[in-house]
Amino acid sequence: MTAPPPNAGPPNAGSWNVDVVVVGAGFAGLVAARELTRLGHDVVVFEGRDRVGGRSFTGSVAGLPADMGGTFVGPTQDAVLALAAELQIPTTQTHHDGRSIIQWRGWARPYRGTIPKLSLAGLIDIGRLRWQFERIARRIPLAAPWDARRARELDAQSLGDWLRSVRASDSSRDLLAIMARVTWGCEPDDVSMLHAARYLRAAGGLDRLLDVENGAQQDRFPGGTQQIAEAVAAELGARVVLGAPVRRIERHGAGVTVTSDRVRAEAGFVVVAVPPAHRAAIEFTPPLPKEYHDLARHWPQGRLSKAYAAYSTPFWRADGYSGQALSDEGPVFITFDLSPHADGPGILMGFVDARAFDSLPAEQRRRDALRCFASLFGNDALKPLDYVDYCWGTEQFAPGGPTAAVPPKSWTRFGRYLRRPVGPIHWAGTETADEWTGFLDGAVRSGRRAAAEVAALL
Ligand SMILES: Cc1cc2nc3c(=O)[nH]c(=O)nc-3n(C[C@H](O)[C@H](O)[C@H](O)COP(=O)(O)OP(=O)(O)OC[C@H]3O[C@@H](n4cnc5c(N)ncnc54)[C@H](O)[C@@H]3O)c2cc1C
């Protein structure tokens with residue numbers, strides 16, 4: 001039997017009576033709903049946007065799918081890979097052959113591997129920092145980072161403070177700033193050292209986090225990541241209600257009443273699968289305990305956007321370049337070659353610093369991004385067949401990305417409330433995951449965990 005498409009409209013659109021309401025149709029919410037539905041429970045998903053996928057959104061450039069949010073997957077991301085395999089959605093390897101480019105303080109130089117060799121002294125310094133950072137990360141208990149030895153000390157400082165305290169060289173600090181921008185969408189001074197170390201451990205170490213080969217950027221879905229969300233939503237059919245931002249969740253003796261702009265539901269339980277910062281936009285009645293209220297205000301989303309340019313061929317490959325680059329010039333600061341084939345079209349994707357980019361007029365964003373591509377790969381980059389960008393910071397609903405940039409003193413004060421249920425209210429979302437938190441994989445894992453919690457109570 002073919003499931004009706006999402007948003008086809010429930011039998012009684014005004015009010016539902018179900019076992020569980022899920023708030024948010026990102027990977028976490030959809031997976032929670034799918035698991036509960038498979039166990040025979042009656043579930044409805046309320047999504048504020050007019051689409052599913054959340055931070056996974058596949059647009060197009062030159063008629064080809066282009067992921068504007070979550071893109072890459074890699075080894076040990078078993079939850080999202082298993083889900084995609086079950087839905088028969090194939091992956092392809094990220095193009096990685098050739099030399100990468102580092103553009104640094106006015107000069108550009110090719111390099112191979114993950115970390116560019118700026119100088120012998122720079123290499124020694126980055127090696128030392130990496131060893132110290134990983135040693136701290138290995139000691140963080142993922143499920144209870146506030147219990148780590150020196151948790152308070154680590155959480156009282158930012159990654160930037162830590163780098164200064166261990167006398168990191170200027171070039172090491174600049175390299176780690178690029179890592180912070182692409183990982184959390186913030187500067188090293190904005191993110192807690194405890195959070196940074198836990199995040200590193202949750203990803204399985206620095207190589208796993210940053211590498212293409214054997215790392216988090218190894219593979220991607222040629223048809224885009226959003227098709228995974230769409231396939232799960234198609235299974236759930238009319239149980240996914242789009243354009244339904246949840247405004248209020250009331251707890252009462254029988255469970256919860258969840259009120260969105262479009263529909264309302266009475267349910268035994270609710271799974272709130274939105275980023276912690278966006279919990280603050282929902283009115284909870286009676287109010288959540290103060291720690292939960294404060295948590296939502298101390299778990300801000302970082303900011304990161306993307307620019308794509310399409311060319312008739314991946315012309316940089318002919319010159320021996322991989323299409324990967326790091327730059328300190330901006331607004332584009334990391335690039336990847338996401339071309340479907342060697343014979344063209346050629347697709348360059350650049351991560352851009354949303355803070356300087358999102359508020360610019362469209363024409364200027366295009367000019368600035370193409371100028372960056374050209375300074376890395378030559379003037380052929382100035383004349384694309386197509387150009388598209390996506391500004392997560394200026395999204396009307398649930399803005400921000402890629403994940404939370406958790407500032408100092410948040411984990412030790414509020415971390416234990418991140419996913420602890422409040423009566424019938426349960427929490428999901430990649431930020432609540434212990435493994436691959438911040439990634440699509442963490443979102444899938446969190447959806448499964450929340451579904452199991454609720455199923456055990458139903
Ligand atoms: C630019 C960028 C690049 C990224 N790159 C990668 C990558 O390469 N690999 C990777 O694994 N991950 C990547 N990520 C991160 C990845 O996309 C996220 O970790 C993942 O999509 C989070 O899923 P989620 O379900 O936890 O949250 P979300 O996807 O944010 O889903 C939450 C949903 O809740 C909805 N919502 C919010 N408030 C309400 C409300 N009040 N009522 C109803 N609905 C509501 C939102 O609209 C959204 O659909 C990237 C993200 C961005 C932005």
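## Basis of the description

Helices (H or I, at least four residues) and strands (E, at least two) are DSSP runs, numbered from the N terminus. This is a predicted model, in which local features need pLDDT of at least 70, side-chain atom pairs count only at pLDDT 80 or more, and totals for chains, interfaces and linings use all residues. Residues are numbered from 1 along each chain as its sequence is written, and side-chain values use heavy atoms, with hydrogens and water left out.

## Gln301

Gln301 sits in the loop that runs between α11 (290-297) and β15 (305-311). Its relative accessibility is 14%, so Gln301 counts as buried (under 20% relative accessible area; exposed is over 50%, partly exposed in between; 1.4 Å probe, protein chains only).

Contact means heavy atoms within 4.5 Å. Not counting residues up to four places away in sequence, Gln301 touches Arg55, Pro275, Ala277, His278, Pro399, Gly400, Gly401, Thr403, Ala404, Ala405 and Glu431.

## Helix α9

In helix α9 (residues 226-236), the buried residues are Gln226, Ile228, Ala229, Val232, Ala233 and Leu236. Viewed down the axis of α9, these residues fall within an arc of 155 degrees, so they line one face of the helix; the arc is that of the directions from the helix axis to the C-beta atoms. An α-helix has 3.6 residues a turn, so residues three or four places apart point the same way.

The cover over the buried residues of α9 includes α1 (27-38), β2 (43-46), β3 (58-61), β4 (64-67), α2 (78-86) and β10 (240-241). Gly237 follows α9 and has a positive phi, near 60 degrees.

## Domains 1 and 3

An automatic or database domain assignment supplies the domain bounds: domain 1 (12-52 + 223-287 + 421-454), domain 2 (93-113 + 210-219 + 302-399) and domain 3 (120-202). Between the C-alpha centres of domain 1 and domain 3 the distance is 33 Å. Their contact takes 7 residues from domain 1 and 5 residues from domain 3.

Domain 1 and domain 3 bury about 500 Å² between them, 49% of it on carbon and sulfur atoms; buried area is the accessible area (1.4 Å probe) that two parts lose on being put together, summed over both. The count between these two domains is 1 salt bridge (a side-chain nitrogen of Lys or Arg within 4 Å of a carboxyl oxygen of Asp or Glu). A salt bridge joins the side chains of Asp434 and Arg198 (2.8 Å, N to O).

## Arg371

Helix α14 (residues 362-377) contains Arg371, which is partly exposed with a relative accessible area of 42%. Leaving aside neighbours within four places in sequence, Arg371 is in contact with Gly330, Pro331 and Leu382. Arg371 and Pro287 are 84 residues apart in sequence and 50 Å apart in space, C-alpha to C-alpha.
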